[in-house]
Amino acid sequence: MSNRSTSTNSWFFARHPIFTMDEFAAFNKQTKRESKYALLAYNRRSGRVLNIRRGIYAVIPDGAEPQSYMVNPYLVTAKATSDAVVAYHSALSFHGYAYSDFNLFTYLTKQKEASKFTFQNSEYVGVTQPKALMQQGRDLDAVDLVEHGGLDIRVTSLERTLVDCFDRLDISGGIEEVWRSLELVPYLRISQILQYVVLLNNAVTTAKVGFFLEMNKQRFHVEQKDLEFLCSRRPAHKSYMFRMERKGKLVRDWNLIVPNDVLERTWEEPH
């Protein structure tokens with residue numbers, strides 16, 4: 001392996017802590033295809049590069065041990081597909097408001113073939129972007145581009161994360177985890193929640209969001225007109241807040257059957 005190739009790729013590795021084979025090939029576009037694979041194989045054998053999954057690699061920093069170095073899981077999530085967006089509970093955690101730590105990292109994608117994979121004892125799961133958003137070409141609405149760990153990554157905004165988590169409680173840790181996580185948030189832009197709820201166009205999700213905001217209207221300074229707007233878009237028939245928890249009480253204002261644990265806040269320790 002020539003010193004020139006090593007030096008050139010060191011420049012690439014310094015700017016791509018996680019990269020795809022396509023990115024590596026594009027950088028080495030003047031190199032023959034066989035030589036590109038040879039370059040990559042050389043760096044893997046030397047402990048400079050670690051294979052995450054097929055076509056995705058992580059760079060081991062100078063001085064780190066390849067056997068023990070833990071790759072940033074948010075970077076792995078954001079690079080899982082070319083259009084990956086860190087979402088759901090993983091976005092809560094990224095923003096710093098997850099009540100519990102999970103070894104499950106979730107991303108949104110339009111790629112139907114995206115599959116789950118395991119890396120360094122964490123599971124990475126791709127979820128198809130909501131159909132309503134894709135039909136409108138709005139799947140990247142309320143998505144932030146954030147510099148993190150040396151890469152620009154896409155992550156749902158805190159406001160979209162709130163709505164998405166209520167939309168998919170089954171993959172966001174369940175109602176208690178989501179509720180307790182969101183109550184750690186100090187501030188929300190209510191107007192952006194309303195805008196995204198309209199885009200998502202799901203009456204049951206709207207009711208869940210409305211009920212949560214009503215229960216926390218002082219905390220987040222929610223105005224009555226905002227609650228009325230959400231209430232006008234609630235489901236016509238009673239619906240479950242969390243289908244995995246059938247025991248609950250009907251909150252008629254929202255046509256929502258809310259689990260007893262939420263109504264009674266059973267997770268709170270007695271004083």
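Which strand gives the most to the lining of the largest pocket? Strand 9 does, with four residues. The legends below describe close-up views of a predicted model.

**View 1. The largest pocket and its lining.** About 450 Å³ of space lies in this pocket. It is lined by 20 residues. Those closest to the centre are Thr-20, Ile-56, Lys-79, Thr-81 and Ser-82. Helix 2 (21–27), strand 3 (56–59) and strand 9 (151–156) each supply at least two lining residues. By class, the lining of the largest pocket holds 10 nonpolar, six charged and four polar residues.

**View 2. An edge-to-face pair, Phe-12 and Phe-24.** The whole structure has 17 aromatic pairs. In the pair of Phe-12 and Phe-24, the ring centres are 5.6 Å apart and the planes meet at 75 degrees, so the pair is edge-to-face. Phe-12 sits in helix 1 (residues 3–15) and Phe-24 in helix 2, so the pair ties together parts that are 12 residues apart in sequence. Both Phe-12 and Phe-24 are buried.

**View 3. A stacked pair, Phe-19 and Tyr-57.** The centres of these two rings are 5.6 Å apart, with 25 degrees between the planes. Phe-19 belongs to strand 1 (residues 18–20) and Tyr-57 to strand 3, so this pair ties together parts that are 38 residues apart in sequence. Phe-19 and Tyr-57 are both buried.

**View 4. One aromatic cluster.** Phe-12, Phe-24, Phe-19 and Tyr-57 are among the members of one aromatic cluster. Phe-13 and Phe-27 also belong to this cluster.

**View 5. Ala-142, a residue with positive phi.** Ala-142 has a phi near 60 degrees, a positive value in a residue other than glycine. Ala-142 is found in the loop between helix 6 (131–136) and strand 8 (143–148). Its relative accessibility is 29%, so Ala-142 counts as partly exposed.

**View 6. His-221, a residue with positive phi.** For His-221, phi is near 55 degrees, again positive in a residue other than glycine. The loop between helix 10 (203–215) and helix 11 (224–231) holds His-221. With a relative accessible area of 65%, His-221 is exposed.

**View 7. Confidence and the start of the chain.** The protein averages a pLDDT of 91. A score of at least 70 is reached by 92% of the residues. Over residues 1–5, pLDDT stays under 50. For residues 1–5 the model has five contacts beyond four places in sequence.

Conventions. Residues numbered from 1 in each chain as written. Predicted model: local features only at pLDDT ≥ 70, side-chain atom pairs only at ≥ 80, totals over all residues. Heavy atoms only, no water. 1 Å grid on protein atoms, 1.4 Å probe; cavity = no way out; pocket = protein on both sides within 12 Å on 5 of 7 lines; lining within 4 Å. Points joined across faces, edges and corners; volume = space filled by probe spheres on them. Nonpolar A, V, L, I, M, F, W, Y, C, P; charged D, E, K, R; others polar. pLDDT = per-residue confidence, 0-100. Contact = heavy atoms within 4.5 Å. Phe/Tyr/Trp six-rings, centres within 6.5 Å; stacked < 30°, edge-to-face > 60°. Buried < 20%, exposed > 50% of the residue type's maximum accessible area, 1.4 Å probe, protein only.
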